[in-house]
Amino acid sequence: MKKSYNWLLILLLTLLNNVMSAQNTIDMADTMRSNGKIYVVVGVISIIFIGIIVYLIRLDVKIGKIEKNQNKK
Amino acid sequence: MFQQKQSSSWISSHWWKVTGSLLVLYSIILGLLGEVPVLPILHESVRNLYFHVTMWFGMLAIFSISLYHSIMYLSNTNIKNDIGAEKFANTGILFGTLGVITGSLWARFTWGAWWVNDPKLNGAAISILIYFAYVVLRNSMDEEQKRAKVAAVYNIFAYVLMLVFVMVYPRLNQVDSLHPGNGGNPGFSSYDLDENMRIVFYPAVLGWILIGIWISKLAVRAEVVVYNQLNISTENNIDKNEEIL
């Protein structure tokens, strides 16, 4: 009886170990995950900055239109 | 300075906006990914040089342009120079405030406190307060020419005080600072020696100055439109093609 239990335990532990190690290696080393995911931060800051620039460009165009309108009068 | 006649091509009137944006974007990407010197205490936060210190350089340049407008106003009493002085001062205050806040955050994790009794911190804070006073003073007067004149005179005064508090006071012999280059700390020039930092830092400074000019000029143009709208019946309209910065 005891012997069969040991056998089961070893099997379970081996399985568990396999699952754990599988989870450890699941991080894939693609670009956005490498180097402590710093590329993600670079992406976020760049997007925010580009967004602000786009906003500035839109303001610039709008003010330009108003100026043109006013100069026509 | 940069304003072109409307007949000129798109590139010749907008190249500096594109340049500024690209330079800052370049400094963000290379500033986070590039090689930096390995230093104790600072660690990776040395990269703040590209973002925190550039705010101060930008502020100085923008306040200088504001000063230029104030001097020009006193010499030709063109109201557009008054608007220019105010809007550039506003952008300078924005840069300075961001510099104080980012510096405070940086100080918390390198010097251990949000605010330390450091001459550069206090000097910067006082400078910002002096410029707040400029905004309050200018807004406290209704009569246009008088407001412009008093504001212009105060702006010159504020600029000199700002230079004293930011450039002179931290460099006095008796004054110790935690900032690089003061009180036995490694100087700014030791970063300069690092080629990797230099090729990011200087473009970043130039880029932020250009973006600051862009923001200020947008505010000026909007204010000129409002001014012309209010004075539509009178002959006081500001000619858009006037060659003023």
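Two residues are taken to be in contact if their C-beta atoms, placed from the backbone, lie within 7 Å. By this criterion, 15 residues of chain B are in contact with 15 residues of chain A. The elements of chain B that contribute two or more residues to the side touching chain A are α1 (10-33) and α7 (195-230); helices (H or I, at least four residues) and strands (E, at least two) are DSSP runs, numbered from the N terminus. The side of chain B that touches chain A comprises 11 nonpolar, 2 polar and 2 charged residues, where Ala, Val, Leu, Ile, Met, Phe, Trp, Tyr, Cys and Pro count as nonpolar, Asp, Glu, Lys and Arg as charged, and the others, Gly among them, as polar.

The complex is a predicted model, in which local features need pLDDT of at least 70 and side-chain atom pairs count only at pLDDT 80 or more, whereas totals for chains, interfaces and linings use all residues. Residues are numbered from 1 along each chain as its sequence is written, with chains lettered from A and ligands numbered from 1 in the order in which they are written. The predictor assigns the complex an ipTM of 0.74 and a pTM of 0.79. For chain B, the mean pLDDT (the predictor's confidence in each residue, from 0 to 100) is 85, and 84% of residues reach 70 or more. Within chain B, confidence is lowest in helix α6 (residues 188-192), at a mean of 55, and highest in helix α2 (residues 52-76), at 95.

Chain A contains 2 helices and 0 strands.
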